[in-house]
Amino acid sequence: MALYITDDCIACDACLDECPNGAISEGDPIYVIDPDKCTECKGDFDEPQCASVCPSDACQKLIP
Ligand code: SF4
Ligand code: SF4
């Protein structure tokens with residue numbers, strides 16, 4: 001599973017350097033997560049780092 005970035009993204013750049021897998025990139029107009037690279041930070045951190053730093057709660061888990 002992967003996280004995705006919602007329309008609430010304000011393109012603040014905070015999450016970009018936090019991802020241990022380089023899964024986040026700058027999109028137009030919002031940032032995007034590559035679902036093939038996102039591991040939900042499992043094995044690296046207890047919490048998804050992008051969601052932890054996001055000021056607008058834009059990094060969300062897909063509801064299966
Ligand atoms: S959950 Fe972790 S691995 Fe996935 S995009 Fe966010 S920081 Fe990167
Ligand atoms: S931290 Fe949140 S608001 Fe900032 S660029 Fe990343 S997803 Fe967008």
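Select Ile5. Beyond its neighbours within four places in sequence, Ile5 is in contact (heavy atoms within 4.5 Å) with Ile24, Ile30, Tyr31, Val32, Ile33, Ala58 and Cys59. This is a predicted model, where local features need pLDDT of at least 70 and side-chain atom pairs count only at pLDDT 80 or more, while totals for chains, interfaces and linings use all residues. Residues are numbered from 1 along each chain as its sequence is written, chains are lettered from A and ligands numbered from 1 in the order in which they are written, and side-chain values use heavy atoms, with hydrogens and water left out.

Together with Ile5, they touch the most other members of the largest nonpolar core, which has 16 residues. Such a core is a set of buried Ala, Val, Leu, Ile, Met, Phe, Trp, Tyr and Cys residues joined through side-chain atoms within 4.5 Å. Buried means under 20% relative accessible area, exposed over 50%, and partly exposed in between (1.4 Å probe, protein chains only).

Zoom out. Of the 64 residues of the protein, 33% count as buried. Switch to a cartoon view. The protein has one helix and four strands, in the order β-β-β-α-β along the sequence. Helices (H or I, at least four residues) and strands (E, at least two) are DSSP runs, numbered from the N terminus.

A residue counts as near if one of its heavy atoms lies within 4 Å.

Move to ligand 2. It is surrounded by 13 residues. Cys9, Ile10, Cys12, Cys15 and Cys54 are the closest. By class, the shell around ligand 2 holds 11 nonpolar residues, one polar and one charged.

Last stop: Lys37. Find Lys37 in the loop between β3 (32-33) and α1 (49-53). Is Lys37 buried or partly exposed? Lys37 is partly exposed, at a relative accessible area of 42%. Setting aside residues up to four places away in sequence, Lys37 touches Asn21, Gly22 and Ala23. Ala2 and Lys37 are 35 residues apart along the chain, and their C-alpha atoms are separated by 8.2 Å.

Terms used
Ala, Val, Leu, Ile, Met, Phe, Trp, Tyr, Cys and Pro count as nonpolar, Asp, Glu, Lys and Arg as charged, and the others, Gly among them, as polar.
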